[in-house]
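Here is a quick walk through one chain, from its overall layout down to a few individual residues. Have the structure open as you read.

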Amino acid sequence: MNLRVGTDDVRSQLRHPMKHARGLGSAQYGVGHWWTQRVTAAALIALGLWFVFTVLSLLHADYATARAAVARPWNALLLILFIVTMFWHAVLGLQVVIEDYVHTRWKEVVLLVAIKFLAVLAALAGVLAVLRIALGV
């Protein structure tokens with residue numbers, strides 16, 4: 001019986017035998033997913049504050065003024081960034097929830113594909129709407 005508790009021994013005991021055989025760690029891409037979710041969250045804080053400030057400044061404006069505000073280049077760019085970042089962050093968060101709580105593989109795959117498809121569709125619709133206003137179409 002090996003009573004030595006070195007870091008190599010502990011790590012090798014925590015790995016699945018197949019991971020140990022392949023030489024892979026417990027998470028191959030989890031850190032990247034975690035960082036992306038944190039970066040999008042930080043971006044959403046800044047973009048969300050900008051969005052709330054912009055909406056509050058247009059609270060009693062008429063349609064033409066609101067449309068002109070969205071058509072300004074910086075506002076249109078920030079609004080597109082807000083839409084894309086919001087849906088990207090939502091997909092990352094829902095992916096974690098599905099991977100943690102859906103235990104049937106085919107249901108997990110169907111839900112992940114459906115969520116990504118709907119998020120891309122909604123993000124494209126939002127970006128197209130902002131572009132139509134910004135370009136005066």
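Helices here are DSSP runs of H or I at least four residues long, strands are runs of E of at least two, and both are numbered from the N terminus. Read that way, the chain follows the pattern α-α-α-α-α-α, with 6 helices and 0 strands.

A word on ground rules. This is a predicted model, in which local features need pLDDT of at least 70 and side-chain atom pairs count only at pLDDT 80 or more, while totals for chains, interfaces and linings use all residues. Residues are numbered from 1 along each chain as its sequence is written, and side-chain values use heavy atoms, with hydrogens and water left out.

Of the 137 residues in the chain, 23% count as buried; buried means under 20% relative accessible area, exposed over 50%, and partly exposed in between, using a 1.4 Å probe and protein chains only. As for contacts (heavy atoms within 4.5 Å), residues 24 or more positions apart account for 69% of those with a separation of 6 or more.

**How the helices pack**

Two packed helices are described by the angle between their axes and the distance between the axes. The axes are lines fitted to C-alpha atoms, for helices over the stretch in contact, and angles run from 0 to 180 degrees between N-to-C directions.

| Helix pair | Axes come within | Crossing angle |
|---|---|---|
| α3 (residues 30-57) and α5 (residues 73-101) | 9 Å | roughly 140° |
| α5 and α6 | 10 Å | roughly 175° |

Angles under 35 degrees count as roughly parallel, over 145 as roughly antiparallel, 65 to 115 as roughly perpendicular and the rest as oblique. That is why α5 and α6 are roughly antiparallel to each other. By class, the contact of α5 with α6 has 19 nonpolar, 2 polar and 3 charged residues. Here Ala, Val, Leu, Ile, Met, Phe, Trp, Tyr, Cys and Pro count as nonpolar, Asp, Glu, Lys and Arg as charged, and the others, Gly among them, as polar.

By the angle cut-offs, α3 and α5 are oblique to each other. Their contact divides into 14 nonpolar, 10 polar and no charged residues.

**The core**

Which residues make up the largest nonpolar core? A nonpolar core is a set of buried Ala, Val, Leu, Ile, Met, Phe, Trp, Tyr and Cys residues joined through side-chain atoms within 4.5 Å. The largest one has 11 residues: L44, L47, W50, A76, L79, I80, F82, I83, A123, V127 and V130. Helices α3, α5 and α6 (105-134) each give two or more residues to this core, and the largest share, 5 residues, comes from α5. Not counting residues up to four places away in sequence, A123 touches I83 and F87.

**Three residues up close**

The neighbours named below again leave out residues within four places in sequence.

N75 lies in α5 and counts as buried at 15% relative accessibility. N75 touches W50, A69 and V70. A134, found in α6, is 59 residues from N75 along the chain, yet their C-alpha atoms are separated by 9.1 Å. With a relative accessible area of 25%, A134 is partly exposed, and A134 is in contact with A71 and A76.

Is E108 buried or exposed? E108, also found in α6, is buried, with a relative accessible area of 12%. E108 is in contact with I98, E99 and V102.
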